[in-house]
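Here are a few exercises to work through with the model open. Try each task before you read its solution.

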Amino acid sequence: MERKTAFIGHRHVYYADKVKERLQNVIEQCIVDGCSHFLMGTHGEFDKMALDACRFARKQHPNINIEVVLTSYHIIEKKDSLDYVPYQDVETVIFDIEDLHFKQQITASNRQMIDECDTLICYVDKKQNPSGAKTAMNYAQRKGLEIINLFREEDSPTFGMTADEAKIYWKNYLSGIRNVK
């Protein structure tokens, strides 16, 4: 039986270089343990990191199957180029979710990916609320999947700060984002 692994994580990844290294190491171990099929979404930094890491692994293991789960065909539209074909080097799938509200589509896709897999590699800060990634990880746990969480407490940009310092950090961070838009 073919082993499958799904990837789910937060949209934003702090200290990406460290997480990338962890991700590549765990993918290599999954391949050694018999996994040959990897599934990921398209909505955040962790999804992109997972896809890049799987593409990198495929250079050494050309038989692995990489599948990108789309929640909408709008994800692959690119208005400035008619010949743009994203994900041309991997398989793509879209689950039957178009009747769901767009905010529910990612959750439904995550659940379907988890239902098809044996292992979940995730990047989830369990303290973050609310979190779709955390909800998906909890669902995978209830389903009995092996869960490999790459998040480390020291990945948080406020690691080691007092509550007041962290509050100031996030206030400044969010005001910076608002000023960019």
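Helices (H or I, at least four residues) and strands (E, at least two) are DSSP runs, numbered from the N terminus. This is a predicted model, where local features need pLDDT of at least 70 and side-chain atom pairs count only at pLDDT 80 or more, while totals for chains, interfaces and linings use all residues. Residues are numbered from 1 along each chain as its sequence is written, and side-chain values use heavy atoms, with hydrogens and water left out.

**Exercise 1. Work out how helix 3 and helix 4 are arranged.**

Take the axes first (lines fitted to C-alpha atoms, for helices over the stretch in contact, with angles from 0 to 180 degrees between N-to-C directions). Those of helix 3 (residues 102-115) and helix 4 (residues 132-143) come within 10 Å and cross at roughly 30°. So helix 3 is roughly parallel to helix 4; the label covers angles under 35 degrees, with over 145 roughly antiparallel, 65 to 115 roughly perpendicular and the rest oblique.

Next, see who touches whom, contact being heavy atoms within 4.5 Å. Helix 3 brings Asn-110, Arg-111, Ile-114 and Asp-115, and helix 4 answers with Ala-136, Tyr-139, Ala-140, Arg-142 and Lys-143. Sort these residues and you have 4 nonpolar, 1 polar and 4 charged (nonpolar: Ala, Val, Leu, Ile, Met, Phe, Trp, Tyr, Cys and Pro; charged: Asp, Glu, Lys and Arg; polar: the others, Gly among them).

**Exercise 2. How many disulfides does a search of the whole structure find?**

The search turns up 0. Check Cys-35: its closest cysteine sulfur, in Cys-30, is 5.6 Å away, too far for a bond. Cys-35 is also buried, at 2% relative accessible area, where buried means under 20%, exposed over 50% and partly exposed in between (1.4 Å probe, protein chains only). Cys-122 is buried too, with 0% relative accessibility.

**Exercise 3. Is Asp-155 buried or exposed, and what is it in contact with?**

First find Asp-155 in the loop between strand 6 (146-149) and helix 5 (163-180). Its relative accessible area is 1%, so Asp-155 is buried. Then skip its neighbours within four places in sequence: Asp-155 is in contact with Tyr-14, Tyr-15, Val-19, Arg-22, Tyr-123 and Leu-150.

Notes
A disulfide is a pair of cysteine sulfur atoms within 2.5 Å.
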